[in-house]
Amino acid sequence: LRLVVSEMFIRDRYMSLPFCLSAKFLNISIILFEPNMVLGRSNKHFLKFANKIICYNKKIMNFPDKYINKVFLTETILKKDIYDLNIKNGHISEVPKILVIGGSQGALYFDKTIQEILIDLNKFKKINIYQQVSDESKIDEIKKTYDKNNIPNSLFTFKNDIYEYMSKCDLAISRCGASTLSELVKLCIPSVSYTHLRAHET
């Protein structure tokens with residue numbers, strides 16, 4: 001059985017570079033996806049070879065004007081699960097539920113730094129924590145610290161059913177990933193976000 005590929009849909013990631021090179025070598029149509037407001041390095045290298053660049057906005061930083069005719073605008077692309085969840089109605093639980101999600105780049109930063117902040121916050125207002133941690137081996141250590149400070153918590157690594165936590169939380173603390181922010185906005189979940197200074201370059 002031979003699979004014939006006529007188009008390749010690629011999101012900006014360093015891991016996508018070999019696929020872009022292969023597509024160019026095999027004369028396969030390249031469709032790039034740039035969901036961020038700053039052009040990523042990988043996409044930047046392959047703009048001239050791409051047949052189309054799918055974006056959410058034409059005002060992308062560092063995007064060369066000579067390739068603007070390749071841009072195809074679309075509405076935010078979200079997983080189907082998001083549309084099955086209830087949109088938050090503004091009601092806040094008596095004990096606020098805070099969701100902490102860092103993704104592959106942010107979870108390590110959140111493991112210690114955000115824990116200290118949340119412990120201090122709990123001294124003024126009792127809270128409930130749902131937190132994504134960077135490694136399963138760290139769950140017990142982080143949980144013990146929360147338990148010691150009488151903070152109800154549910155810790156996890158990278159779960160497919162993270163939307164279950166999204167549907168329950170009153171506030172999200174997250175890294176500024178395009179997909180996560182779009183999901184939080186769609187569900188009307190208040191959020192506090194941060195980004196790595198060089199995150200847009202990946």
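## Close-up views of a predicted model

**View 1. Strands β8 and β9 lie side by side.** β8 and strand β9 (residues 191-194) run parallel and are joined by four bridges. Strand β8 covers residues 171-175 and is mostly covered, with four of its five residues buried. The model shown in this and every other view is predicted.

View 2. Past the helix, the loop between α7 and β9 contains C188. C188 is not a glycine, yet its phi is positive, at about 60°. Most residues other than glycine have a negative phi. Is C188 buried, partly exposed or exposed? Its relative accessible area is 44%, so C188 is partly exposed.

**View 3. Five strands make an open sheet.** The order in this sheet is β7-β6-β5-β8-β9, and the pairing is parallel. Which strands stand at the edges? They are β7 (153-156) and β9. Each has a single partner strand, so one side of each is left without a neighbour in the sheet. From one strand to the next, the twist averages 10°.

**View 4. Strand β5 pairs on both sides.** Strand β5 (residues 97-101) pairs with β8 in the parallel sense, over four bridges. Here V100 stands opposite I173 in β8. β5 also pairs with strand β6 (residues 128-132), again in the parallel sense and over four bridges. In this pair, L99 has Y130 in β6 as its bridge partner.

**View 5. Four strands make another open sheet.** Its order is β1-β2-β3-β4, with parallel pairing. β1 and β4 (71-73) stand at the edges. Each of these has a single partner strand, so one side of each lacks a neighbour in the sheet. Neighbouring strands are turned against each other by 25° on average, direction ignored. Inside the sheet, β2 and β3 run parallel and are joined by four bridges. Look for I31, which stands opposite K52 in β3.

**View 6. Nonpolar residues gather in a core.** The largest nonpolar core has 17 residues. Which of them touch the most other members? They are I10, I30, L32, L47, I53 and F63. At least two core residues come from each of β1 (7-11), α1 (17-25), β2 (29-34) and β3 (52-55).

**View 7. I53 and its contacts.** Set aside residues up to four places away in sequence. I53 then touches L32, E34, L47, F63, Y67, K70, V71 and F72. Two of these, L32 and F63, are named with I53 among the core residues that touch the most other members.

**View 8. F49 sits in a loop.** The loop runs between α2 (41-46) and β3. What does F49 contact, leaving aside its neighbours within four places in sequence? The contacts are K24, I30 and K70. F49 and I30 are 19 residues apart along the chain, while their C-alpha atoms are separated by 7.1 Å. F49 has a relative accessibility of 31%, so it counts as partly exposed.

**View 9. N27 has a positive phi.** N27 lies in the loop between α1 and β2. Its phi is about 60°, although N27 is not a glycine. Its relative accessibility is 71%, so N27 counts as exposed.

**View 10. The whole protein.** The protein holds seven helices and nine strands. Of its 202 residues, 41% are buried. Its accessible surface comes to about 12,600 Å², and 55% of this belongs to carbon and sulfur atoms. Among contacts with a separation of 6 or more, 51% join residues 24 or more positions apart.

Key:
Residues are numbered from 1 along each chain as its sequence is written. This is a predicted model: local features need pLDDT of at least 70, side-chain atom pairs count only at pLDDT 80 or more; totals for chains, interfaces and linings use all residues. Side-chain values use heavy atoms; hydrogens and water are left out. A nonpolar core is a set of buried Ala, Val, Leu, Ile, Met, Phe, Trp, Tyr and Cys residues joined through side-chain atoms within 4.5 Å. Buried means under 20% relative accessible area, exposed over 50%, partly exposed in between (1.4 Å probe, protein chains only). Contact means heavy atoms within 4.5 Å. Two strands pair if DSSP finds at least two bridges between them. Axes are lines fitted to C-alpha atoms, for helices over the stretch in contact, and angles run from 0 to 180 degrees between N-to-C directions. Accessible areas come from the Shrake-Rupley method with a 1.4 Å probe; for residues, only the protein chains shown count as cover.
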